[in-house]
Amino acid sequence: MRSTLSRAGARRGSGEASATHGQLVDIETEITALEKRAIQELRAEWRKLYRAEPPRRLSRDLILRAIAYRIQERTHGGLGLATKRRLNALAEELKTKGASHFDAAAVLKPGTKLVREWHGRAHTVMVAEDGFEFDGQRYGSLTRVATLITGVHWSGPVFFGLRKRPRAASERGHE
């Protein structure tokens, strides 16, 4: 595979790079061609791109996907430093606390749109610096917005799928 891609248009710290139309077509062609390659060729490509041996038990499909990701990463850039740090912190939390205590609560940035369908209607909330905007009004909490939408008290993060719904005591084995 040729390596004509550059990161000249990358924004500092964003993990993103600009790509021309021609580069995008080249990427698509490279990735499509991967599907026709034998597993031995895919393993060789893995070694070239990752500078390591591919895991022995990794399926052909996962090897192909990882190679395709790396090809796209060369052009578009990889994850930003903040995202890498967050993923590492989440992995460490999962390792130390275990899956039952793990909560990968989303970090909401201003400008993020949260959408939830309720009774056949899509409700959109915009995350603001100082709260949330819904139907042209500002609210200090997502729970207030969820309550307005449903007419009953709801945890906003649970309603919008940012956190898992707490299990009832009887479901946990407590009475």
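**Figure 1. Arg37, Glu45 and Lys48 are joined in a network of salt bridges.** A salt bridge is counted here when a side-chain nitrogen of Lys or Arg lies within 4 Å of a carboxyl oxygen of Asp or Glu. This is a predicted model, in which local features need pLDDT of at least 70 and side-chain atom pairs count only at pLDDT 80 or more, whereas totals for chains, interfaces and linings use all residues. Residues are numbered from 1 along each chain as its sequence is written, and side-chain values use heavy atoms, with hydrogens and water left out. Is Glu45 buried or exposed? Glu45 is buried because its relative accessible area is 4%, where buried means under 20%, exposed means over 50%, and partly exposed lies in between, computed with a 1.4 Å probe and protein chains only. Arg37 counts as partly exposed at 22% relative accessibility, and Lys48 is also partly exposed, at 45%.

**Figure 2. Arg47 and Glu53 meet through their side chains in a salt bridge.** The distance from N to O in this bridge is 3.3 Å. Arg47 has a relative accessible area of 33% and is therefore partly exposed, while Glu53, with a relative accessible area of 57%, is exposed. A search of the whole structure finds nine salt bridges.

**Figure 3. Trp118, Trp154, Phe159 and Phe160 are linked into a cluster by ring pairs.** A pair of aromatic rings is described by the distance of the centres and the angle of the planes. Rings of Phe, Tyr and Trp (its six-membered ring) pair if their centres lie within 6.5 Å, and planes under 30 degrees apart count as stacked, over 60 as edge-to-face and the rest as tilted. How many aromatic pairs does the structure hold? The structure holds five aromatic pairs. In the pair of Trp118 and Trp154, the ring centres are 5.8 Å apart and the planes stand at 80 degrees, so this pair is edge-to-face. The pair links distant parts of the chain, since Trp118 belongs to strand β1 (residues 113–118) and Trp154 to the loop between α5 (142–150) and α6 (156–159), 36 residues apart. Trp118 counts as buried at 19% relative accessibility, and Trp154 is buried with a relative accessible area of 17%.

**Figure 4. Arg116 lies over the faces of Trp154 and Phe159.** A charge sits over a ring if NZ of Lys or CZ of Arg is within 6 Å of the ring centre and within 35 degrees of the ring normal. Arg116 is 5.8 Å from the ring centre of Trp154 and 4.2 Å from the ring centre of Phe159.

**Figure 5. Tyr69, Leu79 and Leu87 form a nonpolar patch on the surface.** Patches are made of residues with over 30% relative accessible area and no salt bridge, like charges being joined within 9 Å and nonpolar side chains (Val, Leu, Ile, Met, Phe, Trp, Tyr) within 5 Å. Together the three residues have about 270 Å² of accessible area, a value from the Shrake-Rupley method with a 1.4 Å probe, in which, for residues, only the protein chains shown count as cover. Leu87, one of the three patch residues, is found in helix α4 (residues 81–97) and is partly exposed, with a relative accessible area of 45%.

**Figure 6. Arg51 and Asp135 have positive phi values although neither is a glycine.** Arg51, with a phi of about 55 degrees, is found in the loop between α2 and α3 (60–76), and at 77% relative accessibility Arg51 counts as exposed. Phi of Asp135 is near 50 degrees; Asp135 is found in the loop between β3 (131–134) and β4 (137–139) and is exposed, with a relative accessible area of 57%.

How values were computed: Helix = DSSP H or I, 4+ residues; strand = E, 2+ residues; numbered from the N terminus.
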